[in-house]
Amino acid sequence: MLIFERSHEGRSNTAQILRNDVEVTDIPAGLRRKQRAVLPAVSELQAVRHYTGLSQKNFSIDTHFYPLGSCTMKYNPRGSNKYAMLPGFLARHPHAPEQMSQGFLASMYDLQEMLKDVTGMKEVSLAPMAGAQGEFAGMAMIRAYHDSRGDDARSEVLVPDAAHGTNPATAVMCGYKVKEIPTDAQGDVDLEALKQAVGPQTAGIMLTNPSTLGVFERRITEIARIVHEAGGLLYYDGANLNAILGKVKPGDMGFDVIHMNLHKTFSTPHGGGGPGAGPVGVSERLIPFLPIPMVAKEGDKYRFLTEKDRPQSMGRLSAFAGNAGILLRAYIYARMLGREGMIRVSEYSTLNANYMMARLKQEGFHMAYPERRATHEFILTLKKEAKETGVIAMDYAKRLLDFGHHAPTTYFPLLVPECLLIEPTETEDMETLDSFVETMVKIRAEADADPDMVKGAPYTLPVKRLDDVKAARELNLKWSPDTE
Amino acid sequence: MSNVPTDLKYTKSHEWVKDNGDGTVTVGVTDHAQELLGDMVFVEVPESGRELSAGEDCAVVESVKAASDVYSPVSGEVVEGNEELADAPETVNSDAYGEGWMFKLKLADSGELGGLMDAAAYEELVASES
């Protein structure tokens with residue numbers, strides 16, 4: 001139900017405090033509305049109930065297991081929230097002078113330093129406000145670097161076919177043509193194809209390591225050598241950083257630029273559209289091009305670095321300094337973990353994934369790469385089950401909702417048919433992992449006995465099976481009073 | 001098993017090519033490809049007059065599962081794109097080899113047709129992938 005459907009004409013929703021109606025005289029006549037804005041006419045309590053009700057119908061990490069592969073839906077510690085909400089942070093105006101913002105700036109400086117330390121990059125900028133913006137900043141820096149050397153004939157970016165869809169989109173946004181590199185049968189980048197693809201036209205390669213196939217790219221140093229020898233740079237998509245945090249550093253693998261998703265790896269609230277944070281880290285040669293503002297420490301004082309300090313910067317990505325509230329949460333999370341804690345993150349996220357994979361294998365499910373050890377996520381393929389019963393991966397996903405588990409990522413990566421990409425994260429306990437495995441076994445038994453029942457799921461949720469084909473073909477996101 | 005007509009040529013990337021015998025070819029995606037992708041929700045075809053080289057991405061098919069590029073199997077000039085698909089993308093699902101055709105090309109080099117797969121070779125490829 002839309003809030004507009006609760007609306008009654010003529011009902012007003014003023015604040016509880018009495019207030020005199022004020023005659024508006026100081027807005028020029030030409031700028032005033034001719035008609036009242038179309039707003040729902042509900043009481044304050046009705047509005048509260050409406051949105052609270054909607055939030056209760058939702059799946060969230062606070063209410064359900066959420067093994068959405070490639071998204072790192074881990075627990076968002078209440079501690080991060082609590083300390084980011086200290087009045088000094090919360091009430092700080094973005095235009096407050098630097099001498100009155102030393103605590104905030106110190107936190108941002110420390111976060112830059114911790115991210116440098118854990119990724120092995122030379123400098124970090126916190127400016128990008130989401131993963132996609134981080135990617136854009138990263139590729140823009142690669143372009144700025146080549147341009148600064150007069151090396152402007154490089155027109156191509158290499159992207160493995162297992163990459164996130166955002167990678168080719170980013171390359172195109174930065175004016176590059178995308179060349180796809182195939183994956184071999186073991187899930188690694190096809191080195192022969194890579195050797196043939198590189199050349200004087202290569203601006204760089206965008207890689208996710210571990211890859212979206214749930215395996216580690218084993219020959220990363222060789223890939224780095226091939227691309228560097230051709231004069232290209234290496235871009236690291238930090239989507240899967242949770243698997244290697246504190247264990248291996250992208251800087252050591254030879255990457256020139258990396259973006260991190262703090263809303264994944266550093267446990268800031270995630271979903272519902274964000275806000276996110278996508279800091280970028282670079283190798284020595286890209287430092288001049290980092291997005292601003294960044295925070296510098298001079299003696300015991302902190303200050304913003306601006307255009308004056310970094311004339312070659314790829315620019316600003318927001319009016320102020322990124323998503324400050326989210327960066328603070330990530331800072332507190334990183335401080336709570338420390339260097340040792342970060343190692344535990346990757347150890348337990350990979351242990352949980354491998355445990356689940358082993359249990360599902362024991363139960364007779366098929367893995368896309370059964371010989372490979374899982375990273376922090378793994379891919380299960382229901383190709384055989386789909387062939388036998390007609391119950392496809394999407395049906396399993398919908399039925400999982402009935403049992404109180406958010407579905408894993410479905411049909412991604414596209415290289416694997418009928419797949420579920422499962423990422424439990426390090427914050428789940430063993431009982432929850434076992435319960436998911438048992439549920440999968442139960443659904444398979446249901447699919448054998450009564451496939452039509454499973455194909456009709458979900459049954460227990462506020463909305464039943466949605467017609468996603470109709471929704472995509474006849475997309476309509478707009479409500480207007482005339483719709484009724 | 002999906003439908004693989006014997007009078008067509010095929011590519012590794014799951015396009016089919018029909019030799020119209022007048023120096024033009026018709027191109028679409030195979031029944032196997034539409035089956036893998038599932039219900040189509042959006043199709044974009046190249047405009048007439050566009051010069052394509054073999055292997056160039058020139059069209060897009062989007063289903064509820066994924067968006068996928070379509071590559072030109074041979075080089076040539078586009079003489080017609082199937083505009084009907086914009087309003088009825090589902091035709092690619094229901095009639096991949098007929099009304100679901102995507103574009104027609106005037107061949108630059110008819111010799112390129114010899115490099116494409118025949119139905120038997122394509123069936124083998126599909127079998128090896130499944």
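In this predicted model, strand 2 (residues 15-19) of chain B and strand 3 (residues 24-29) of chain B run antiparallel and are joined by five bridges. Within this pairing, B:Asp19 stands opposite B:Val25 of strand 3 of chain B. In general, the strands of a sheet pair through backbone hydrogen bonds, in either a parallel or an antiparallel manner.

Both strands belong to an open sheet of six strands in chain B, whose order is 1-2-3-9-8-5 and whose pairing is antiparallel. Strand 1 (9-10) and strand 5 (51-52) of chain B each have a single partner strand, so they stand at the edges and one side of each is left without a neighbour in the sheet.

Two packed helices are described by the angle between their axes and the distance between the axes. The axes of helix 5 and helix 6 of chain A come within 9 Å and cross at roughly 45°. Helix 5 of chain A is therefore oblique to helix 6 of chain A, and the crossing is right-handed. The residues that make this contact are listed below.

| Helix of chain A | Residue range | Residues in the contact |
|---|---|---|
| Helix 5 | residues 131-148 | A:Ala132, A:Glu135, A:Phe136, A:Met139 |
| Helix 6 | residues 166-173 | A:Thr166, A:Thr170, A:Ala171, A:Met173 |

By class, this contact of helix 5 with helix 6 of chain A has five nonpolar, two polar and one charged residues.

The two chains also touch each other: the contact takes seven residues from chain A and six residues from chain B. On the chain B side, four of the residues are nonpolar, two are charged and none is polar.

Key: Residues are numbered from 1 along each chain as its sequence is written. Chains are lettered from A and ligands numbered from 1 in the order in which they are written. This is a predicted model: local features need pLDDT of at least 70, side-chain atom pairs count only at pLDDT 80 or more; totals for chains, interfaces and linings use all residues. Ala, Val, Leu, Ile, Met, Phe, Trp, Tyr, Cys and Pro count as nonpolar, Asp, Glu, Lys and Arg as charged, and the others, Gly among them, as polar. Two strands pair if DSSP finds at least two bridges between them. Helices (H or I, at least four residues) and strands (E, at least two) are DSSP runs, numbered from the N terminus. Axes are lines fitted to C-alpha atoms, for helices over the stretch in contact, and angles run from 0 to 180 degrees between N-to-C directions. Angles under 35 degrees count as roughly parallel, over 145 as roughly antiparallel, 65 to 115 as roughly perpendicular and the rest as oblique. A crossing is left-handed if the near helix is turned anticlockwise from the far one by less than a right angle, and right-handed if clockwise.
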